[in-house]
Amino acid sequence: MEEPPVAPKPLLSGAVPLEAFLATLQKHGITEVKVEETAEGHILHLQAEDTLIQLEEDGTHIVCDNNEPLRTTLRDLVLRFLQKL
Amino acid sequence: LIMKESSLKLVSSEQALKELGLNEHQLRFTCRVALQDPYSDSETLHRVYTHLKSLLKGYTIQHLPDGTVMVESIVIKVSSSAEDANAKILLLSWSYQDEDLGSFLSSVLKKGLPSGLPKM
């Protein structure tokens, strides 16, 4: 039987600034990004990766295929801009 | 643990954020897992439920009437492609706080469902 690890993660605070985040993505080779403005923030479409990142003042939502290396990379790039508590 | 007016007190992390005047930032992930399963969407979802139920002991696993399976706070839904009804997409959604369990479930479901599972 498989047992998942259980370690609750800290709460996050702050916001992800669009321009700085786009620059960080670019540095990591993610250059084809279509940015759409929404009422609450922005939606970033990472075209080559077929991934959506919804950036809002109080939340970020990453929608991607089951590609763990990509997901964890994007997660860590987002976490750079947030404080952990 | 926070220090306020020279006294220490133990509060929940949510309360601590509030008292420090900080906003909480919710980080969520939704992961698409492709699966070949020659059943209807609701049957596939039930097979996912049965599979996880037998695999994970000691976890709260629920099959809800709104067409979702929840493992603790991780939400799982099924949809299928318009061209190929056997090509299912499982949508797993979790928050950063449940990162370990969410990532674990996505790797478990990536392996597919065992063939011996009952249809319903």
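Predicted model: local features only at pLDDT ≥ 70, side-chain atom pairs only at ≥ 80, totals over all residues.

I start with a rule: two strands pair if DSSP finds at least two bridges between them. Helices (H or I, at least four residues) and strands (E, at least two) are DSSP runs, numbered from the N terminus.

Residues are numbered from 1 along each chain as its sequence is written, chains are lettered from A and ligands numbered from 1 in the order written, and side-chain values use heavy atoms, without hydrogens and water.

**Strands.** I looked up strand 3 of chain B. Nine bridges join strand 3 to strand 7 (residues 87–95) of chain B, and the two run antiparallel. Ala34(B) faces Ile89(B) of strand 7 there. Strand 3 (residues 26–36) of chain B also runs parallel to strand 5 (residues 59–65) of chain A, with seven bridges. Asp65(A) is opposite Arg32(B).

**Glu99(B).** I found Glu99(B) in helix 3 (residues 99–110) of chain B. Is Glu99(B) buried or exposed? Glu99(B) is buried, because its relative accessibility is 2% (buried is under 20% relative accessible area, exposed over 50%, partly exposed in between; 1.4 Å probe, protein chains only). Glu99(B) touches residues including Lys9(A), Phe29(B) and Trp94(B) (contact means heavy atoms within 4.5 Å).

**Helices.** I checked helix 2 (residues 68–79) of chain A against helix 3 of chain B: their axes lie 12 Å apart, at an angle of about 160 degrees (axes are lines fitted to C-alpha atoms over the stretch in contact; angles run from 0 to 180 degrees between N-to-C directions).

Note on methods. Lists of a residue's contacts leave out its neighbours within four places in sequence.
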